[in-house]
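Here is a brief report on aromatic contacts and strand pairing. Please view the model first.

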Amino acid sequence: MRNDARVVLGVLVAAAVVTGCGSSSPRPAPTASGTLEQLAARADCTPVVSTDSAELRQANCTTKDGRYVLATFATDRGQREWINEAKDYGGVYLVGRKWVAVGEQPVLTALHGRLGGSVETGTMHSGH
């Protein structure tokens, strides 16, 4: 039985090596959450609030990486409706739980390292 246990252990170790288990590859940043001000602070931005309502808070941010708009939402549904409408105008969106950052790709790439989230791209629909 001892040999069988060693064989099983050897197979498990080999599988871990082959699949990369325990590798030192970098993990993505966990997606941030919080108020507009908390997210802006994490992104190293002093927000200039342009919309302040119960459903949506929106601010302009400027960092060493560039300018972007940061928005927070009261509900997941409100966020998704906003994104779906905004994506019709094109653009790139960094999306977290109840927040969105909108800006140029290089700015959002840098911001992704601080806030996490996922990138969504809109498609401009214009009548030619």
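Predicted model: local features only at pLDDT ≥ 70, side-chain atom pairs only at ≥ 80, totals over all residues.

Residues are numbered from 1 along each chain as its sequence is written, and side-chain values use heavy atoms, without hydrogens or water.

**Aromatic pairs.** Two aromatic pairs turn up in a search of the whole structure. Rings of Phe, Tyr and Trp (its six-membered ring) pair if their centres lie within 6.5 Å; planes under 30 degrees apart are stacked, over 60 edge-to-face, the rest tilted. W82 and Y93 have ring centres 6.4 Å apart and planes at 85 degrees, so they pair edge-to-face. W82 belongs to helix 3 (residues 76–86) and Y93 to strand 4 (residues 92–96), so the pair ties together parts 11 residues apart in sequence. Helices (H or I, at least four residues) and strands (E, at least two) are DSSP runs, numbered from the N terminus. Ring pairs link F73, W82 and Y93 into a cluster.

**Burial.** Buried means under 20% relative accessible area, exposed over 50%, partly exposed in between (1.4 Å probe, protein chains only).

| Residue | Relative accessible area | Class |
|---|---|---|
| W82 | 24% | partly exposed |
| Y93 | 4% | buried |
| G78 | 26% | partly exposed |

**Strands.** Strands pair if DSSP finds at least two bridges between them. Strand 5 (residues 99–103) has four of its five residues buried. Five bridges join strand 5 to strand 3 (residues 66–73), antiparallel. Here Y68 stands opposite G103. Strand 4 also pairs with strand 5 in the antiparallel sense, over five bridges. V95 stands opposite V100.
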